[in-house]
Amino acid sequence: MSGSQSREVYDLTVIGAGVSGAAVARRLSMYDIKVALLEKETDVSFGTSKANSGIIHGGFHHDPTLLKARLELQGNLMFDQLQRELHFPFARCGILVAAMNEEEMKTVQYLYDRGRRNGAIGIELCSRERILDLEPKLTSDVVGGLYAPGGGIIEPYRFVFALVESAQHNGVRLITNFEVHRAEYKEGLFELQSKKGDRVYSRYVVNAAGLYADEVSKLFAAEEYTITPRKGEYYLLDRMTKACPGKVLFPVPNSVSKGMLVIPTVEGTVLVGPTAEDIHEKDDLSTSSTKLKAIFDSARQMIPKVSTKDVITAFSGLRPALPGGDFYIEASKKVPHFIHVAGIQSPGLTAAPAIAEYVKDILKEEGLTLQERSDYDPNVNAVPRIRNKNSYDIDKLIKENPAYGNIVCRCENISEAEIVEAVRRGHDTLDGIKFFTRSGMGRCQGGFCTGKIIEIIMRETGKSYSEITKRGKESTVIWRSLCEQNK
Amino acid sequence: MNPNKNTKEMICIVCPVGCHLQVTVDKDEVKVTGNRCPRGEEYAREEILAPKRVVTATCRLENEQHPRLPVKTDAPLPFEHINELLDRVYELSLPTPIKTGDILIEDFKGTGVNLVASRSIE
Amino acid sequence: MRTEQIDTLVIGGGAAGMSAAATVSAAGFTTALVEREDELGGVLLQCIHNGFGLHEFKEELTGPEYAERWVRNIESSEVKVFCGTTIMEMSLLEDGRKECFGYSPEYGVLKFVTKTVVLAMGCRERNRGNVMIPGTRPAGVYTAGLAQRLVNMNGYIPGKDVVIVGSGDIGLIMARRMQWVGSTVHAVVEIQPYPSGLTRNISQCLNDFKIPLYLSHVVSKIYGKERVEAVDITPLENGVPNHDKTFQITCDTLLLSVGLIPENELSKQVGIELNSLTNGPTVDSMLMTSIEGVFSAGNVLHVHDLVDFVSAEARLAGENVIEYLKGKRPERELSIKPGANIRYVNPTRINPDAESDIYMRPLVVSNNARIQLQVNGEVVKRQKKPHVQPSEMIKLKITPKIFQDIEITPDSKVEVTLQDEP
């Protein structure tokens, strides 16, 4: 990067490669404009987008006066096509809200009415018999509930990875390890400077910086608001658990959150949680034993077979909460050509494709000329994954590429070829590879595969052992090599 | 070794019983109590006067598939020499082929103990 | 797709697999040995310390040396070895044979059609998630076995300042190993009031290096944003953590040695019944599982401490495979249960007409123990043991002679008990 001679000037720069930023970048890549997507971490989807329930919501949890409710329904309907184009794991398994007494049934009725008003397709009120028929693993104490067949589950990081890949495929420039440190608006151009001193110039900026959207807004001297991190803790259960439901199970919600759920992940494991607790630190992802009881009690109230014996791991995610609780997606009134996409809590994942549409319209209103490209290609190449194939197809795959025959992750059935592909697509940290392939998510939690994955990363990228990290920056995994000692 | 009266507690490791021993060194005499059998006395004596250990480690191999070679001392090595042996081990860089039992460092520091390969690599 | 039609498929090329395969093959039956790593040996290859082979070879060997003896046996046998091959699927054919698919970079998918199978897949380590240590999820948390592999096979030292959770032998061995590669081990934290590992290892792996051992303590929190920075250690009082007495140790690495779990995912896939006391398959006197012709031995059957016992047990399994292939079955079997002070017995059925070994673990520590085999309350065999502890497996020989003078029926109650010698 040298001086002002080779300036990178973009029509649009999106700050933050979480689900919102990635969706916006991809949507805008349909047009004949230069787009940059900036991400402060080493890989995309490393923020809130990697640690959430993975639910595509059913459109009944929020009042239609709220922007997020409208975008939730719109977004929900876009997932089938998105899956066809982007090949991320997605299943429209349905959502159930279970009521344990008549009082709760009243709330469920209210949710049902709201769902109808929102236009949630196929939403129904269930009797006890009906809901037990839909979900036999539910406790027999259930009195009834609500069924939203339009609800579903995805692997959120796979979705974000695919959105970014598609965006890049259509010309978007992804710049990772770029944390916006300073911003200035001069002569119709924003100058964004990273901590390391790199500069990017852009006519328009979309602030999709998640937990840090408020801080980014301040850098640009735009509107002032405060994002409060709201922590959600989860426990992940082994795919062999007897407590795996067929549908996403919600309790009746309370005023603070949708409650603690039992979620069948699309890849066959089970999530219980999340909690909802406002905290101070935006990087406090610690889990604590005090929440265990509450999470499991809530889960067992719905599925009695849920057991702590099945726990594989625990993790936390932080929701970027704004006062009022709605999405803040608006053009700034203080700074021209600056768009806020902030406070994207639940149902952010569901709404993301609709958020992208909404932002595109705002940009248009703000004067960004959008001419469709003739060569836009919505599809990304799927990576063949042996876990989804039968032995005969795998035989063919191995004969074409022997690396498909080397099983690196035995718990989740992942071959070397898939790991190599992850690295080649830019995911060269242990977590990045984990999110792209699932290697390390299984019951042994990386005990068997980590050594091999380190070797593969080194071989594919030429990095030395000291540069291999769990998720970038200082999260190195090896201190020293004996082979180089005493030299 | 402190030549004066000095009692040390140790657990005998000769057999799984693990008697708790009290060992006192009084000038040249070693007194052992707590042992259920004579082997314990012998162990304590050696442990207090001249402790020795078998050392196992790995050294560098010039072989892509097997970058490390497991090695061991072919007899227990006096305690005080262990760190120096380890330094020497980590300096080694050996070509293949190698056979189990090949002597890599002979008679370390005159102790009569050799460092040998613990695995055969083609 | 390449197909191998064989009499026996042994899944897993570690100590158990090699012993079983060599045994069956020596009797003239076609045997395939499948191993997912590129070489035979299993976990022995990374266990560079010594202490192996005292029973089996009457010598004290390192893990790699022990493995090499067996690899030589296999090389000079008729066993067909398939390394770099992972068995992914097993199913039962109508004619009673089993069909297994293995994936291999060299061969593609290999189909094995076999009369018998020996499961010898070993075990995996319990990890942080299983024991649910709260805190952040930084880099620097490893299971002891993973750290051992990185250090001994790759030469990569995971970290500089180490805390180890668990005083079992793996944790203790790694304490010494980390010190010997230049790291510092600041503590070993053990939840029980007594250490799990051998006294010899406490002495040579901890005391030699003055590493503090905190008994009745737990790691209650992990700190660190990107890499481990510190851990909280909390004492247990009457089994309950006393958080007022929590102290912190600055470190960059946490090694977990908190238990092993037999790796039975393939077994579960095909519907084999598991024994909840061992986490391994329930087996009869032939070490045969609930599926006809599928046998099991080694760490996948139950977690062992001595590799010599693994080889012996696998040899027994091999001998039983031979009997099975010859069409022989035990004429009668008795159910055997763990009695006083015994946690479990394997197998859970015995053949009173054949010579065999049974394996068990005590619930207690005793320096003056007596093991008794009882049939309907009558003692038929007793054995003195100068020292027993839960982390040391006991082997007991059963011979037809024991049952000579008593009456046995299929309902006879057989039990193994342990008490202090009077």
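**Chain by chain**

Reply: Start with burial in chain B: 28% of its 122 residues count as buried. Keep in mind that this is a predicted model.

Me: What helices and strands does chain B have?
Reply: Two helices and ten strands. Along the sequence they come as β-β-β-α-β-β-β-β-α-β-β-β.

Me: Is chain B spread out or compact, and why?
Reply: Spread out. The radius of gyration of chain B is 18 Å, well over the 14 Å given by the globule rule for 122 residues, so chain B is more spread out than a compact globule. Along the principal axes, the C-alpha atoms of chain B fill a box of roughly 55 × 30 × 20 Å.

Me: And what share of the contacts in chain B joins residues at least 24 apart?
Reply: 44%, counted among contacts between residues at least 6 apart in sequence.

Me: Where is the cis peptide bond in chain B?
Reply: Between Thr96(B) and Pro97(B), with omega about 10°. Pro97(B) sits in the loop between β8 (93-94) and β9 (103-105) of chain B.

Me: Switching to the contact of chain C with chain B. How many residues from each?
Reply: 20 from chain C and 19 from chain B. On the chain C side, α2 (63-75), α4 (144-154) and α6 (199-206) each supply at least two residues.

Me: Which one gives the most?
Reply: α6(C), with four residues.

Me: How is chain C split into domains?
Reply: Domain 1 covers 2-124 + 261-329, domain 2 covers 127-258 and domain 3 covers 336-420. The C-alpha centres of domain 2 and domain 3 of chain C are 36 Å apart.

Me: There's an open sheet in chain C. What's the strand order?
Reply: β26-β24-β31-β28-β29, five strands with mixed pairing. β26 (349-350) and β29 (378-385) of chain C are the edge strands, each pairing on one side only.

Me: How do β24(C) and β26(C) run, parallel or antiparallel?
Reply: Antiparallel. Two bridges join β26(C) to strand β24 (residues 334-338) of chain C. Leu334(C) stands opposite Ile350(C) of β26(C).

Me: What about the loops around there?
Reply: Two are worth a look. In the loop between β24 and β25 of chain C is Asn341(C). Asn341(C) is not a glycine, yet has a positive phi of about 65°. The loop between β25 (342-346) and β26 of chain C holds Pro347(C). The peptide bond from Asn346(C) to Pro347(C) is cis, with omega near -5°.

Me: How exposed is Asn341(C)?
Reply: Partly exposed, with 17 C-beta neighbours inside 10 Å.

Me: Now chain A. Which non-glycine there has a positive phi?
Reply: Ser45(A) is one, at about 65°. Ser45(A) lies in the loop between β2 (35-38) and β3 (55-56) of chain A.

Me: Buried or exposed?
Reply: Ser45(A) is buried, with 28 other C-beta atoms within 10 Å.

Me: Which domains does chain A have?
Reply: Domain 1 (9-49 + 157-226 + 324-365), domain 2 (90-153 + 228-321) and domain 3 (386-484). Taken over C-alpha atoms, the centres of domain 1 and domain 2 of chain A are 31 Å apart.

Me: How many residues are in contact between domain 1 and domain 2 of chain A?
Reply: Ten residues of domain 1 are in contact with nine of domain 2. The domain 1 side has four nonpolar residues, six polar and no charged.

Key:
Residues are numbered from 1 along each chain as its sequence is written. Chains are lettered from A and ligands numbered from 1 in the order in which they are written. This is a predicted model: local features need pLDDT of at least 70, side-chain atom pairs count only at pLDDT 80 or more; totals for chains, interfaces and linings use all residues. Domain bounds come from an automatic or database domain assignment. Two residues are in contact if their C-beta atoms, placed from the backbone, lie within 7 Å. Ala, Val, Leu, Ile, Met, Phe, Trp, Tyr, Cys and Pro count as nonpolar, Asp, Glu, Lys and Arg as charged, and the others, Gly among them, as polar. Two strands pair if DSSP finds at least two bridges between them. The radius of gyration is taken over C-alpha atoms; the globule rule is 2.2 Å times the number of residues to the power 0.38. A residue is buried if 20 or more other C-beta atoms lie within 10 Å of its own, exposed if 12 or fewer, and partly exposed in between; C-beta atoms are placed from the backbone.
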